[in-house]
Amino acid sequence: MTTAEQPEELAISSGDDVVRVRQLVRSRAQAAKLSLVDQTKLVTAASELARNTLIHGGSGRVLVESLSRNGRAGVRAVFSDDGPGIPDLQLAMTDGWTSGGGLGLGLSGSKRLVDEFDIDTEVGRGTTVTVVKWTR
Amino acid sequence: MERVPVLSLGDALLVSIQVDLDDETVLALQEDLADRIVSSSARGVVIDISGVEIVDSFIGRMFGSIAALSRVLDAETVVVGMRPAVAITLVELGLSLHGVRTALNVERGLAIVRKLTTARDTRVAEDDDESIDDFGGEGGDVVAAPSRP
């Protein structure tokens, strides 16, 4: 059993896991009292990133935690995989550019939906994407 | 994976999505709809997403595919009931749902399907509308009769 304050980790290795990631992020976003629009944005970003982890990383995991800073609550989700990494990050962040047959909105679109976005990638080592959404 | 039920409603198929959509469910829905459009000769598909909490780029792309697929099979697709938060998020994500017709609710969605298919049928059957004119003329006489002096 976990309390709402403890970080929670989920493996991402199937389409069902993408749904589980959405549900976990939504429950944390609700607990943090994010507005409905902000909840929806964060969950949508999490869905995009979880699918990236699955498709490009092969499999991976997400760590979701509740944050508190200067009286504001927030939710952080850290997606990591040990996949091939991203050779050209600038290109990967471009709207419409895709390597996986999708729409190319995963990374660039997710970044627009959250307050903080950080990506750490190295070819041959893997990729870690961190997103944070704060209450307004 | 869960399967989304497809209901027949006159000439249209109605799909009401009430589950958290995983990718396999979305792909299965696409295939089910293709089969049902052909087997039931449906003219339209109305997809109600009022129960859907998020639409990401994968799900959004599938709506586009379903719309394109149904068009090829001579049916129109209308996506209805999108939540305001979902609409705001989709636009910010950069997904415009190009080629997908939308309406506020099921009723308006069905009306659009009816209008589109009627307009198309009228074009196809342009030489065959004499009986409709006759019927309209008769009705007009009956209505006009009481106002004559």
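Helix axes are lines fitted to C-alpha atoms over the stretch in contact, and angles run from 0 to 180 degrees between N-to-C directions. Helices are DSSP runs (H or I, at least four residues), numbered from the N terminus.

This is a predicted model: local features need pLDDT of at least 70, side-chain atom pairs count only at pLDDT 80 or more, and totals for chains, interfaces and linings use all residues. Residues count from 1 along each chain as its sequence is written, with chains lettered from A in the order in which they are written.

**Exercise 1.** Work out how α2(A) and α4(A) are oriented to each other.

Solution. 
- Take α2 (residues 36–55) and α4 (residues 106–113) of chain A; they pack at about 155°, axes 9 Å apart.
- Angles over 145 degrees count as roughly antiparallel, under 35 as roughly parallel, 65 to 115 as roughly perpendicular and the rest as oblique.
- The pair is therefore roughly antiparallel.
- On the α4(A) side, the contact (C-beta atoms, placed from the backbone, within 7 Å) uses G106(A), G109(A), S110(A) and L113(A).

**Exercise 2.** Find which helix gives the most to the side of chain A that touches chain B.

Solution. 
- The contact joins 23 residues of chain A to 18 residues of chain B.
- Helices α1, α2 and α4 of chain A each supply at least two residues of that side.
- α2(A) gives the most, with nine residues.

How values were computed. Contact = placed C-beta atoms within 7 Å.
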